[in-house]
Amino acid sequence: MRVQYSGKKKSGDIHLDKKPSFKTFHYKELVIELHHEVYEASEDTFQLLESIEINEDDTVLEIGTGCGLIALECARQRTKVVCTDINPYAIELVKRNYLRNQPMLKGTVEVRCGDLFSVLKSDERFDIVIFNPPYLPTRPEERIGGTGWFDIATDGGVDGLSLTKRFIEEVGKYLSKQGRAYFVFSSLSDRKKLDAYLSNVGLKSKVVLSRLFNDEQIDIYCMYF
C-alpha cells in the first residue's frame, strides 16, 4: 500500500490509537474498523457496493473513501485501487483496515489525502470511479460542529449537491473511454438541479439501483461515455 498526501505532511497530522478506537463489522471476508470522526458505512454504502460492476485488473478510483470498505472490497476482487479522502482520520483508518485485511486483498491499494480530484495527475485515467458524496441538504444551524470532519462527510450544502456538482463536472477528465462513474443521490436533494448538471457534461447517465429508506429514495447513478 502506498500513502500520499496532497501537501507536505505536517507534524500535527493525526494518528489513531494502536487499540481499536470504535467498533468493527464484517463484510464478506473483510473486517472493517470504524471511528467516530469518520463516516460509518451505512445503507447507501452497501447499495453502492451492490451497484458497481468491476472486472479483474480494472483501475478504480474511490473518492471520499471513509473507512475504506469499498476500496478494500474492490482490491479483494483483484483491481488496482486509488482511494482518497480529505479527512486525515479516514486516511489513518484506511491504512489500519488495509493492514488488517491484507491477506484477503488480491489487488493493490494506494491512499491519497486531499480534496476530490486535486490529488490526481492530469494524465491518470480509471475504469471505475466511485463517490458517495455528502448529499443531504444542510443549513448552517444543522451542522454538528466539533472537529468538523463529520460535517464535511454529510453536509451537502443548501441543495444537497455542492460536492456532487463538482464531481459531475470533473469526473469525465479521469474516466477511461470504457469507464463508468458511480455516485449516490438522495431524493431529499434537488433532482431538477441534478438533471441540469448531468445534461451539461459530455457523459450519458442512468440510475442503476433505487431503494426507499424511510422518507427518502436513494439512487445510484452511473455516468459513462
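This presentation walks through one predicted protein model, from its overall make-up to a few individual residues.

Residues are numbered from 1 along each chain as its sequence is written, and side-chain values use heavy atoms, with hydrogens and water left out. Because the model is predicted, local features need pLDDT of at least 70 and side-chain atom pairs count only at pLDDT 80 or more, while totals for chains, interfaces and linings use all residues.

The term pLDDT denotes the predictor's confidence in each residue, from 0 to 100. The protein chain has an average pLDDT of 89, and 84% of the residues score at least 70. Residues 5-12 stay under 50, and for them the model has nine contacts beyond four places in sequence. Contact here means heavy atoms within 4.5 Å.

Next, the overall make-up. The protein chain contains six helices and ten strands; these are DSSP runs, helices being H or I with at least four residues and strands being E with at least two, numbered from the N terminus. Of the 225 residues in the protein chain, 52% are buried. Buried means under 20% relative accessible area, exposed means over 50%, and partly exposed lies in between, using a 1.4 Å probe and protein chains only. Among contacts with a separation of 6 or more, 68% are between residues 24 or more positions apart.

Let us now look at the interior. A nonpolar core is a set of buried Ala, Val, Leu, Ile, Met, Phe, Trp, Tyr and Cys residues joined through side-chain atoms within 4.5 Å. Which members of the largest nonpolar core touch the most other members? They are Ile32, Leu48, Ile52, Leu69, Val109 and Ile130, out of 40 residues in that core. Another core lies apart from it, with 25 residues, among them Leu116, Phe126, Phe167 and Tyr221. Returning to leucine 69, and leaving aside neighbours within four places in sequence, its contacts include Phe25, Tyr27, Leu30 and Ile32. Ala41, Thr45, Phe46 and Leu49 are also in contact with leucine 69.

The cysteines deserve a brief remark. A disulfide is a pair of cysteine sulfur atoms within 2.5 Å, and the structure holds zero of them. Cysteine 83 is in no disulfide, and the nearest cysteine sulfur, that of cysteine 74, is 9.8 Å away. Cysteine 83 counts as buried, at 0% relative accessibility, and cysteine 67 is likewise buried, at 4%.

I come now to charged residues. A salt bridge is a side-chain nitrogen of Lys or Arg within 4 Å of a carboxyl oxygen of Asp or Glu. By this rule, the count is 14 salt bridges. One of them joins glutamate 73 to arginine 76, with the closest N and O atoms 2.8 Å apart. Both residues are buried. Glutamate 73 and arginine 76 are separated by about one helical turn, because they are three residues apart in helix H2, residues 69-76.

A second salt bridge links arginine 166 and aspartate 115, whose closest N and O atoms are 2.7 Å apart. Arginine 166 lies in helix H5, residues 162-170, and aspartate 115 in the loop between strand S6 (108-113) and strand S7 (126-131), so the pair ties together parts that are 51 residues apart in sequence. Arginine 166 is partly exposed, at 30% relative accessible area, and aspartate 115 is partly exposed too, at 28%.

Helix H5 also holds glutamate 169 and lysine 165, four residues apart, about one turn of the helix. Their side chains meet in a salt bridge, at 2.6 Å from N to O. Salt bridges that share partners also join Lys28, Glu29, Glu73 and Arg76 into one network.

Not counting residues up to four places away in sequence, aspartate 44 touches Tyr39, Asn132, Tyr135, Val184 and Ile218.

Glutamine 77 is partly exposed, at 34% relative accessibility. Glutamine 77 and glycine 107 are 30 residues apart in sequence, and 6.8 Å apart in space from C-alpha to C-alpha.
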